[in-house]
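Below are some notes for a colleague who will be working with this model. Please read them with the coordinates open.

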Amino acid sequence: MQVVSVISLWFIPVLIGFILIYGTIKRVPTYESFVEGGKEGIKIAVSIIPFLVGMLVAISVFRASGALEYFMEFIRPALEAVGIPPDIVPLAIIRPISGSAALGMTSDLIAVHGPDSFIGRLASVLQGSTDTTFYVLTVYFGAVGIRKMGDALKVGLLADLIGIIAAIVVVTIIFGSK
């Protein structure tokens, strides 16, 4: 474990140093390139703020309106019939929208049910096997000016659905159900 700690501590500084030395050897103006990249990064950060605000407002409205709870009560019987814990569904719904909201939900599920419970394990695997599809599309596509993202959205949500199903199947096979 000591070796891993040393590697993780030194990896980034060594990588940055290597890039600077390599750029200097190749006669690239490294400092000027760094400053130019920083300027571009700030422009991108400012340009994505409206997209982030819009997405965060939509998430807040969805949760505060009670729509999530209403939806959960509606599908609870079907979920219980197939052995999917209803507590995990809000995480599966929020994960493609917001990584930080999903992480908060995962933390809550683990705090309530325990890290070694079926729900705790399922929440952890689900967190790692899906992505923040709407966040990626909103922020990154918005930053570069792509407005038509229909196919990317379909593929991203399909990948999330497959990740959710795979998480349920794998956790059930490895750890058993509830």
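Predicted model: local features only at pLDDT ≥ 70, side-chain atom pairs only at ≥ 80, totals over all residues.

The numbered points that follow cover the annotated spans, a surface patch, the salt bridges and some loop residues.

1. Transmembrane annotation. The UniProt entry marks residues 7-24, 44-62 and 155-175 as "transmembrane region". In the model, residues 7-24 are 100% helix and 0% strand, with 25 Å between the end C-alpha atoms. Residues 155-175 are likewise 100% helix and 0% strand, and their end C-alpha atoms are 29 Å apart.

2. Nonpolar surface patch. Which residues form a nonpolar patch on the surface? They are Val-3, Ile-7, Phe-11, Ile-12, Leu-15, Ile-16, Phe-18, Ile-19, Leu-20 and Tyr-22, and together they have about 1000 Å² of accessible area. Phe-18, one of these, sits in helix α1, which runs over residues 2-25. Its relative accessibility is 51%, so Phe-18 counts as exposed; the cut-off for that class is over 50%. When reading these values, note that only the protein chains shown count as cover.

3. Salt bridge in helix α3. The count of salt bridges comes to four. In one of them, Glu-73 pairs with Arg-76, and the closest N and O atoms are 3.4 Å apart. The two residues are three positions apart in helix α3 (residues 67-82), so about one helical turn separates Glu-73 and Arg-76. Glu-73 is exposed, at 53% relative accessible area. Arg-76 has 25% relative accessibility and counts as partly exposed.

4. Lys-154 and Asp-151 form a salt bridge with 3.9 Å between the closest N and O atoms. Both residues belong to helix α8, where they are three residues apart, about one turn of the helix. Lys-154 is exposed, with a relative accessible area of 59%, and Asp-151 is exposed too, at 58%. Elsewhere, salt bridges with shared partners link Glu-73, Arg-76 and Glu-80 into one network.

5. Salt bridge between Arg-121 and Asp-116. The side chains of Arg-121 and Asp-116 form a salt bridge at 3.9 Å, N to O. The cut-off for a salt bridge is within 4 Å, so a pair at 3.9 Å is counted. Arg-121 is partly exposed, with 26% relative accessibility. Asp-116, at 58%, counts as exposed.

6. Ser-98. The loop between α4 (89-94) and α5 (99-113) holds Ser-98. Is Ser-98 buried or exposed? The relative accessible area of Ser-98 is 4%, so the residue is buried; the limit for that class is under 20%. The side chains of Ser-98 and Ser-100 are joined by a polar contact of 3.3 Å. Leaving aside residues up to four places away in sequence, Ser-98 touches Ile-59 and Thr-132.

7. Thr-132. Thr-132 lies in the loop between α6 (118-129) and α7 (133-143). Thr-132 has a relative accessible area of 10% and is buried. What does Thr-132 touch, not counting residues up to four places away in sequence? The contacts are Arg-95, Pro-96, Ser-98 and Gly-99. The side chain of Thr-132 also makes a polar contact of 3.5 Å with the side chain of Asp-131.

8. Gly-145. The loop between α7 and α8 (150-175) contains Gly-145. At 43% relative accessibility, Gly-145 falls in the partly exposed class. Between the C-alpha atoms of Gly-145 and Leu-157, twelve residues apart along the chain, the separation is 21 Å.

Conventions: Residues numbered from 1 in each chain as written. Heavy atoms only, no water. Patch = residues over 30% accessible without salt bridge, like charges linked within 9 Å, V, L, I, M, F, W, Y side chains within 5 Å. Areas by Shrake-Rupley, 256 points an atom, 1.4 Å probe, with all protein chains shown as cover. Helix = DSSP H or I, 4+ residues; strand = E, 2+ residues; numbered from the N terminus. Buried < 20%, exposed > 50% of the residue type's maximum accessible area, 1.4 Å probe, protein only. Polar contact = N/O pair within 3.5 Å; in protein donor to acceptor, adjacent residues only side chain to side chain. Contact = heavy atoms within 4.5 Å. UniProt positions renumbered as here; feature names shortened; annotations may be inferred.
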